[in-house]
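This briefing covers charged side-chain pairs and nonpolar packing in one protein model. Please keep the sequence and the structure at hand while reading.

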Amino acid sequence: MKKILGITVLAAFIGGAAAIGGYKLFERNQTGSTISEKQNLYFANNPLKISSAGTADFTQAAAAVAPGVVHIKTTYEAKSGGGSRGSSPFDMFDDFFGGGGRQMQRQPKAASGSGVIISQDGYIVTNNHVVENASKVEVVLTDRRKVEATVIGRDPNTDLALIKVNATGLPVVKMGNSDNVQVGEWVLAVGFPLDLQTTVTAGIVSAKNRSIGIIGREQQGNEITEEEYREYQRTGKRPQAPANTSIESFIQTDAAINPGNSGGALVNANGELVGINSAIASQSGYNQGYGFAIPVNLARKIVDDFMKYGSVKRGYIGVNFYPLSGDEKPEGITTSEVSGLYVSDVVAGGGGAAAGIKKGDIIKKVDGVVINDSPDLQEKIGRLNPGDKVKLSVLRDGSLKDITVTLKGESSIGLTANNTAAKSVEVSKLGATFAPATQAQKTKFGINGGVVVTSVVTGKAFDNIGVEKGLIITKVNGQPVNSVADVQKALPQGRNNMISISGVGEQGTYNFSFPAQ
């Protein structure tokens, strides 16, 4: 009897241990290390049950998606000091979506946008310009609960941001595949326009791979202008184009999008997320039939990087290029090709140079996909990481040649971020890195000297007052600056414990003043 009792107790103990162990394993697996894993786990237990009817009936898709789209409300504190400056490209986002642009710094103000829940445990994707510089980010869930959110990461180069709320069991919007989106396909835009409650509008995909020049206007990637290329041909001096950081390859839709939709969902008729609504083209600031969304395949990469590393890890080919078209080509380009990207320069030490890409090559395909314009290349490379390999099909001497390039990280091409030999150096007191302005930049802005802001540290002085990457600083505390050493030397010369900054950018001259830390 005792033997039987002992066996029973042992069996119960083993069974209990196995159950606890299994639960812990299940619990651990539920966390997921990437957003794709989190989504796969969630939808394995919560499958979407949406029929694909031949008629345009979006009721099921709207019902599935709406609970996972949230209202984001942001608060902006007044910045001490202030000063004047030209308007930022992101002021346009203020007009379009009321979400966190530079105008918010002048006085305490509230704004709002939208966000998409992408995991049960509170991760939400939205636009960078919705939460940028916000002192407080509050999320209003579908059940009307208000929860304060933490900003996990922001990426101005794609206008994406990841935030998180301390909540569990949240409804999730399933990520689709933006590569499968077709022009003419029905889509829904879900968000909180004009401070209204959840609003669903319908339209079609009007175009793909659109670039509208709204992200990073002070640095338009590796693409050089015709004027810069002619100067290169005349003098043999390399065009001083900035490195390729901004990525614009929007899905264009005519679904009605208005202020407040920013960061909301663009979904297909199956209720799958295919884009994050980001901008509109409008003369009035309200819907005129042209809305633009960031492809979800690009957003997935950005979100995964934030979750893994806390920042975005990008890979670069390391080439400058000129998009070909049927228009008159710059002097020196004699090719009869009217599509593809003409390689005008190869960055020394970059992945392209190591793989054998040459000046004069014409990039026609990336991993077998035809490339016609800059956005086609930017979005595909923007999804990849340093160390990833990409197959470029280039036209050289009349024949197509496949070349495999191993992408290099930002640090590897840091010396050529502005195609200058000077390395960017951080000035911790300002929370930014700088490099001397190139001759091309001096000529362009009519200045004799200056330093370029090559990066800004989140939460530090420059970030707090709205100084952006790409701006050129000409004076610090009234002293002309041409190097990082000049900046450091001028910092202690401020008056009344204030630091003053003067400079120039695409939107004109600017002046900032703020307390010395």
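**Salt bridges and nonpolar cores**

R314 and D155 form a salt bridge in which the closest N and O atoms are 2.4 Å apart. R314 belongs to the loop between α7 (296-309) and β13 (319-323), while D155 belongs to strand β5 (residues 146-155), so the pair ties together parts that are 159 residues apart in sequence. Both R314 and D155 are buried. The model is a predicted one, and it holds 9 salt bridges.

**Other salt bridges**

- Within helix α7, D305 and K301 lie 4 residues apart, which is about one turn of the helix.
- The side chains of D305 and K301 form a salt bridge with an N to O distance of 2.5 Å.
- D305 is buried, as is K301.
- A network made of salt bridges with shared partners joins D179, E379 and R383.
- D143 pairs with R145 in a further salt bridge, with 2.8 Å between the closest N and O atoms.
- D143 has a relative accessible area of 46% and therefore counts as partly exposed, being between the limits of 20% and 50%.
- R145, with a relative accessible area of 39%, is partly exposed as well.

**The largest nonpolar core**

- In soluble globular proteins, nonpolar side chains tend to be buried together.
- The largest nonpolar core in this model consists of 35 residues.
- Which residues have the most contacts inside this core? They are V116, I118, A265 and L273.
- Two or more residues of this core come from each of the helices α3 (59-65) and α7, and from each of the strands β3 (123-126), β6 (160-165), β7 (186-191), β10 (265-268), β11 (273-280) and β12 (291-295).
- Helix α7 gives the largest share of this core, 6 residues.

**Surroundings of V116**

- With its neighbours within four places in sequence set aside, V116 is in contact with Y123, I124 and V125, among others.
- V173, A265, L273 and I276 are also among the contacts of V116.
- The contacts of V116 include glycines too, namely G68, G263 and G264.

**A separate core**

- Another core, of 23 residues, lies apart from the largest one.
- Among the residues of this other core are F434, V451, V467 and I501.

Technical notes:
Residues are numbered from 1 along each chain as its sequence is written. This is a predicted model: local features need pLDDT of at least 70, side-chain atom pairs count only at pLDDT 80 or more; totals for chains, interfaces and linings use all residues. Side-chain values use heavy atoms; hydrogens and water are left out. A salt bridge is a side-chain nitrogen of Lys or Arg within 4 Å of a carboxyl oxygen of Asp or Glu. Buried means under 20% relative accessible area, exposed over 50%, partly exposed in between (1.4 Å probe, protein chains only). A nonpolar core is a set of buried Ala, Val, Leu, Ile, Met, Phe, Trp, Tyr and Cys residues joined through side-chain atoms within 4.5 Å. Contact means heavy atoms within 4.5 Å.
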